Amino acid sequence: MKKVDCRFVKYGICALGAMALCLLAGCAKEKDPMEKIKDLEFTVLAEENIPEELKTVIDEKKGNAFKVTYQDNGFLYICIGYGEQVSGGYSITVNDLYLTENAIYADTTLLGPEPGDEGAKKNAPSYPYIVIKTEFVDKPVVFN
């Protein structure tokens, strides 16, 4: 029976261990580009606080649904309009505004008039929109 040199066994075990580590390192979890990094702080602006240039753009677009971004003085304005509605009494909520690796995600919902709301009883159309002001981040905005 031949005697096996212990050095070859030790080197063989080390080589197998090194290959196993290389394989495990290749199995690292890939980061999801849509994963939330952080929520963004924001303010919903009243009409009198909207920059004049942006007001002009909104007035031109408000008859139809629109999504607009505007940058000014280190701030990003995210505007979402829901087009012409048959009456007043609508409101808009911000469900989420957050930053990911690749983009800013903005999610809003149009809420209909409450039953018995005087604004809803008027037959005059309304043009609900929201302007969200947040810190400027140089990433595209994705509207949900």
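Contact is defined here as heavy atoms within 4.5 Å. By this criterion, and not counting residues up to four places away in sequence, I104 touches L40, L76, I78, L97, Y98, L99, V137, K139, P140, V141 and V142. The model is predicted, with local features requiring pLDDT of at least 70 and side-chain atom pairs pLDDT 80 or more, whereas totals for chains, interfaces and linings use all residues. Numbering starts from 1 along each chain as its sequence is written, and side-chain values use heavy atoms, without hydrogens and water.

Of its 13 residues, I78, L97, I104 and V141 touch the most other members. At least two residues of this core come from each of strand 4, strand 5 (91-99), strand 6 (104-111) and strand 7. A second, separate core has 10 residues, among them L45, I58, F66 and C79.

Strands are DSSP runs of E of at least two residues, and helices runs of H or I of at least four, numbered from the N terminus; two strands pair if DSSP finds at least two bridges between them. An open antiparallel sheet is formed by 4 strands in the order 2-7-4-3. Strand 2 (42-44) and strand 3 (65-72) each have a single partner strand, so one side of each lacks a neighbour in the sheet. Strand 3 pairs with strand 4 (residues 75-82) in the antiparallel sense over 8 bridges, and A65 stands opposite Y82 in strand 4.

Technical notes
A nonpolar core is a set of buried Ala, Val, Leu, Ile, Met, Phe, Trp, Tyr and Cys residues joined through side-chain atoms within 4.5 Å. Buried means under 20% relative accessible area, exposed over 50%, partly exposed in between (1.4 Å probe, protein chains only).
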